[in-house]
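Biologist: I'm new to this one. Could you walk me through how to read it, feature by feature?

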Amino acid sequence: MAITVTEDQVIDALRPVEDPELHRSIVDLGMVKAVQIRDNGVVGVLVALTVPGCPLKGEITRRVSDAATELDGVESIDLEFTVMTDEERENVRKMVHGGGGSATAGSNQAHGHAEGREIPFAKTGSKTRPLLISSGKGGVGKSSVTTNLAVALAAQGYSVGVVDADIYGYSIPRMLGTDREPIVIDEMLVPPEMWGVRCISIGYFIPQGQAVIWRGPMLHKALEQFLTDVFWDEPDFLLIDMPPGTGDIALSLAQFLPRGEVYVVTTPQPAAQKVAAMSAAMAEKVNLPVRGIIENMSWFTGDDGKRYEIFGSGGGQELADELGVPLMGKLPLTNALREGGDEGRPITAIDPESETATAFHEMARQIAVEMKPKKVYSDALKVI
């Protein structure tokens, strides 16, 4: 029995269906190559994937099937896949990422290209708030804070990206539990997403167990490409997991992200607090505002229900008072937080009602609402 639905109606039904990685209509992206109306309530659909072996092919199948079968008379779809040509991928990249030549990475002129692509987060009209999560020394849980704060912001409805700028000690992919690498569309990197957070890290490009041994210029270029060649899609927040200390990477990011906000992670003991103050001092020298202090490992609750301040107390508040900024919150030392990082199951996502997760959600709320910049930045606003 023939069905009365038309090809145009099927196309219209598929228009709201978004590619799960690019977050654009599969119709507008040119992924729907053909629609065929058949008998017995069957509609044939041919979809062109952006890359061979697309890791989210199953999700695309589900979305297309759900949308098409909403039409009266359509019982099922016969979905087939093909792969875009190089020219079609270039068109997709231009549509979502802009720019001219496919390899225009970086804000500086590159060999063989007329000009580099601008860092979008440095532009005055960008809606993205770059949050630089910093520390003076390693071992204070800065990456755990970055991961869980990002997940908390995403859970509150914001679009969030994370740049793992700790090139020598990258750990964000493991902590987020991202189980696939970025895909490449015409030399545009599409970062994997987990728990509502997109992430890019040098860990996706270095063989397991291999050390990164780079000098300053290579670090600078890699970070620049993380900001320009990656399809971030203008998130509300871009968290930067900074390396400890005040070296080349910190200097480069201060240059790349002049509108960045610095949040310093410390532990309670005075020794850690004094070192963390150096990170804050550097931020001041490069004209980046320190917006708040986050104290980690503030206490441990024993089986007897008592709180034990293993690393002392007061360091976070003392640093906050010294800098004239708020102490955003105190985080307990818990096995669950550590295990979540090792297993790629952040405590903020899997146990949102826990004491630790509640603290992260409150910090995320403070940053997003109470500390929202009051200045309006726009390329259209100019002083004449």
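**Reading the model**

Modeller: Let's begin with helix 1: what covers its buried residues includes strand 1 (32–37), strand 2 (42–49) and helix 2 (57–68). Covering here goes by contact, meaning heavy atoms within 4.5 Å. Helices (H or I, at least four residues) and strands (E, at least two) are DSSP runs, numbered from the N terminus. Keep in mind that this is a predicted model, where local features need pLDDT of at least 70 and side-chain atom pairs count only at pLDDT 80 or more, while totals for chains, interfaces and linings use all residues. Residues are numbered from 1 along each chain as its sequence is written, and side-chain values use heavy atoms, leaving out hydrogens and water.

Biologist: Which residues of helix 1 are buried?

Modeller: Buried means under 20% relative accessible area, exposed over 50%, partly exposed in between (1.4 Å probe, protein chains only). In helix 1 (residues 7–14), the buried ones are Val10, Ala13 and Leu14. Down the helix axis these buried residues fall within an arc of 95°, so they line one face of helix 1. That arc is taken from the directions from the helix axis to the C-beta atoms.

Biologist: How do I read a sheet?

Modeller: Strands of a sheet pair through backbone hydrogen bonds, either parallel or antiparallel. Two strands count as paired if DSSP finds at least two bridges between them. Here, an open sheet of 8 strands has the order 8-9-5-10-4-11-12-15, with mixed pairing. Strand 8 (193–194) and strand 15 (327–330) stand at the edges, each with a single partner strand, so one side of each has no neighbour in the sheet.

Biologist: Which strands does strand 5 pair with?

Modeller: Strand 5 (residues 160–164) runs parallel to strand 9 (residues 197–201), joined by 5 bridges, and it also pairs in the parallel sense with strand 10 (residues 237–241) over 5 bridges. Take Val160: it stands opposite Val197 in strand 9 and opposite Phe237 in strand 10. Both faces of strand 5 are covered, with Val160, Val162 and Asp164 buried on one side and Gly161 and Val163 buried on the other.

Biologist: And empty space inside?

Modeller: Rolling a probe the size of a water molecule over the atoms shows where empty space is left. A cavity is a set of points on a 1 Å grid over the protein atoms alone where a 1.4 Å probe fits but cannot get out; lining residues have an atom within 4 Å of a point. The second largest cavity is lined by Ser144, Thr147, Asn148, Met175, Leu337 and Gly341. Helix 4 (142–155) and helix 10 (335–343) each give two or more residues to that lining, and helix 4 gives the most, with 3 residues.

Technical notes:
1 Å grid on protein atoms, 1.4 Å probe; cavity = no way out; pocket = protein on both sides within 12 Å on 5 of 7 lines; lining within 4 Å.
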